[in-house]
Amino acid sequence: MPNASGRNEFYSTRSAQPDDQGLIELPAIIVRGMVFLPHVVTPITVTTPRASAAVEAAHSSGKTLVIIGQRENAKDPVTLEDLHPIGTEAALGRLLRLPDKNKSVLVQGRRRVEIAQIVQNSPYVVVKARPIPEKSTRPLQEQISMMETVMNLFERLGDLNTNIPEGVLAHIINITDPGKLADALSAVLTISVDDRQRLLETLDPTLRLQQIAALLNQELAMLELKDEISNQVQQEMDRGQREVYLREQMRIIQTELGEEDIFQQEINEVRQQIIEAHLPPEIHERALKELGRLGMMPPMAPEIGIIRTYIDWITSLPWHNQHPDNLDMRHAQQVLEEDHYGLAKVKDRILEHIAVRKLAAEKMKNPILCFVGPPGVGKTSLGKSIARALGREFVRVSLGGVRDEAEIRGHRRTYIGAMPGRILQTMRRLKTINPVFMLDEIDKVGADFRGDPSAALLEVLDPEQNNAFSDHYLEVPYDLSKVMFITTANDLDPLPPALLDRLEMIEFVGYTDEEKLAIARQFLIPKQLEAHGLKVGDLQFETRALQTMIREYTYEAGVRNLERTIANVCRKIARQMAETKPHHKRLTSKRVEELLGPPDFIPLRANTIDAIGVATGMSWTSNGGDTLTIEAAVLPGKGSLLMTGQLGDVMQESAQAALSYMRAHASDFGIPNDDFENYDIHVHVPEGAVPKEGPSAGVPLAIAIISAFTERKIRSDYAMSGEITLHGKILPVGGIKEKVLAARRARIKNVILCKHNKKDLTDVPAEALKDLHIIFVEDMAQVIDLVLLAAPPERKRDLEKSSDEKSEAESTP
């Protein structure tokens, strides 16, 4: 800290005398990052040759020198613009030459000077400066009041700041001159270089004292805050030491009384908990290690809760407990038949699994099944039936909307409130290692900056890896190999290929009308009658009424909406009974409309008569199958193809391929080549608000286009599906069962399919096939012969063209 006490050890005892112009000419030291104030003694180290030469010149001549602050980004040689306008005239004291050839000198500030001119820059700087007299413009009483205020603040500062020496405090308190007091305090306070330079350039002593008072208040506020924080910390430490002392006394007293320490008692309980959990050796060792850490910590340490929770998780997870499987094949088949109608493939797969477990339980690995199908077909409820058939616990975890990987793997223990993922949370709740675990809506899993949950599922759903599943929270392997995982999805497209490779797909297709009718009678109606307080005799559903509800009030692959519709009817009947109103106990199709209002879905066949350019296709939807009306019209133009009806890219390409096939065989169809230059073809698929996509409409598109150009009518009792090539070959497509059933529902008797789709008819119910005539074809020529009626003697366009030519010839002179 700069020394503010007076000294008599300076070689130059007199300040420089001004000349006639009031200027003094002295050597100068240019400093950066430092400010030297009058009336303050400060040691400086001289390191530059130019400053060293200035010190030597002043020392040898017994003169004072000027110390000037340098601005940032100053150049060499310096100019007046590079220097602060106010400097300090200083006298030199003891001069020491250091071993590193630098010099250390003690300087005493004398007075402020205003820099007027730089006389020389080499070998050292010489400046002309004008001494500034110390004079205040304020009244004497204000000066005295200001000095008292500053002294009071400084005394408070001295009480808080122990770094200020006693000698400095005594010296400053005895200063009676306001200017000297302000400069002495400026040297003592911990302030920035800019603030100190601002004080140097403030010429009025009273104004300097005002600035000093503001700086003292700032430093006092900081020191008081530090003192308050220090006191709080000390109090906390004293409280902690007191608690440790009291606990130690309590422990000694309990020992003398023969009682056990409460904390030690808790540790013994945790140790017993670990022993009774019968953990695997590796896990047991990890739990004892954590228990050892727990015993070495003070009772009130914050980590105790974290470690205790971790040990609780390890000991409460099931490691060995499992339910014995019920391997009775008849029982399993009976349960599956009781709970679900149809679904023969799925039931066979479950029975096969039970059979293999019965013969080779130790060698078999649990399959990872994936039930894929539209909503409402019984995917989730079948999982419950499988668990009941096997005698296992069932649990369902919905993954819809999960975007955080930690939901599967858990959080690491470094996070506050960390806990295991959903997998281990569920296993802890079930307390068994072999439940039927359903991961519902696996196709709805998302991904964001927190990770990809589907990537974490790769380990869970891999029979080769899930025997050592690693949760981020536990950080020990956990065996999931005995869990029977079942996943459900509506669509497989969102699933990554690596995850798809681990799943055994079982497809749930939509129910036929006959299956829905049977499900309604066997399951839905009894359930809803009981739920609404009705007896069997209170309401009976006729078959025609159920068919009306299935076809006109629901449009779905499953039976969820059908159940809602039956419940709606039951509610209305229950209300009539509660109000003691007369009601019909037999529900007919006519009564359905009276109770439910107009039909929501009207069965509609647009092409009920043979027409030109109107073909019937078949489509697959998530709600099952549907028929598709395809219209084509020829109109005057320039040979362009216009497509409407919200057709997808693949379907538009199918239309292009159909048009190219027709143009390539135009001569076979009797179509003049100039038709393609004089007429446009417009292809439209009704229900334009519904997007349509896929290649299976290639055959009906080609038939509609050929019919429009040849003006041959298309038979309305035919529906067709298949992809077409440029050479007229017909390729197989998917969704055959749904498409065939849609044609039957639309009362279309004849269905045209690709020859290679014959194998897909095994999934179609036999009663549906009896009502249909399935025709298998290989190329378009066969379809044309079947579907297109005979051509008219002469096309309408040709007649119009001949009439136009005749009129033109008659009008020509």
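**The second largest pocket and selected contacts**

Guide: The lining of the second largest pocket comprises 31 residues, and Glu507, Val509, Lys737, Glu738 and Asp763 are those nearest its centre. The model is predicted: local features require pLDDT of at least 70 and side-chain atom pairs pLDDT 80 or more, while totals for chains, interfaces and linings use all residues. Residues are numbered from 1 along each chain as its sequence is written, and side-chain values use heavy atoms, with hydrogens and water left out.

A pocket here is an open set of points on a 1 Å grid over the protein atoms alone, where a 1.4 Å probe fits, with protein on both sides within 12 Å along at least five of seven lines; lining residues have an atom within 4 Å of a point. The space in the second largest pocket amounts to about 780 Å³. Helix H11 (344-359), strand E13 (504-507) and helix H25 (736-745) each contribute at least two residues to its lining; helices (at least four residues) and strands (at least two) are DSSP runs. Sorted by class, the lining holds 14 nonpolar, seven polar and ten charged residues, where Asp, Glu, Lys and Arg count as charged, Ala, Val, Leu, Ile, Met, Phe, Trp, Tyr, Cys and Pro as nonpolar, and the others as polar.

Arginine 747 counts as exposed because its relative accessibility is 56%; exposed means over 50% relative accessible area, buried under 20%, and partly exposed in between (1.4 Å probe, protein chains only). Glutamate 441, in the loop between strand E9 (436-440) and helix H15 (453-460), likewise has a positive phi, near 55°. With a relative accessible area of 25%, glutamate 441 is partly exposed.

Another backbone feature is the cis peptide bond between serine 122 and proline 123, with omega about 0°. Proline 123 belongs to the loop between strand E5 (103-120) and strand E6 (125-131).

Charged pairs come next. The whole structure contains 36 salt bridges, each a side-chain nitrogen of Lys or Arg within 4 Å of a carboxyl oxygen of Asp or Glu. In one of them, arginine 392 pairs with aspartate 325, and the closest N and O atoms are 2.8 Å apart. Arginine 392 sits in the loop between helix H12 (379-390) and strand E8 (394-398), and aspartate 325 in the loop between helix H9 (303-316) and helix H10 (329-339), so this pair ties together parts that are 67 residues apart in sequence. Arginine 392 is buried, at 8% relative accessible area.

Within helix H8 (residues 281-296), glutamate 290 and arginine 293 are three residues apart, about one turn of the helix. Their salt bridge has its closest N and O atoms 3.2 Å apart. Glutamate 290 is buried at 3% relative accessible area, whereas arginine 293, at 34%, is partly exposed.

A further salt bridge joins glutamate 579 and arginine 575 at 3.0 Å, N to O. Here glutamate 579 is partly exposed at 34% and arginine 575 is exposed at 56%. Elsewhere, shared partners link salt bridges into one network of Arg286, Glu290, Arg293, Arg412, Arg413 and Glu475.

How values were computed. Grid points are joined across faces, edges and corners, and a volume is the space filled by probe spheres set on the points.
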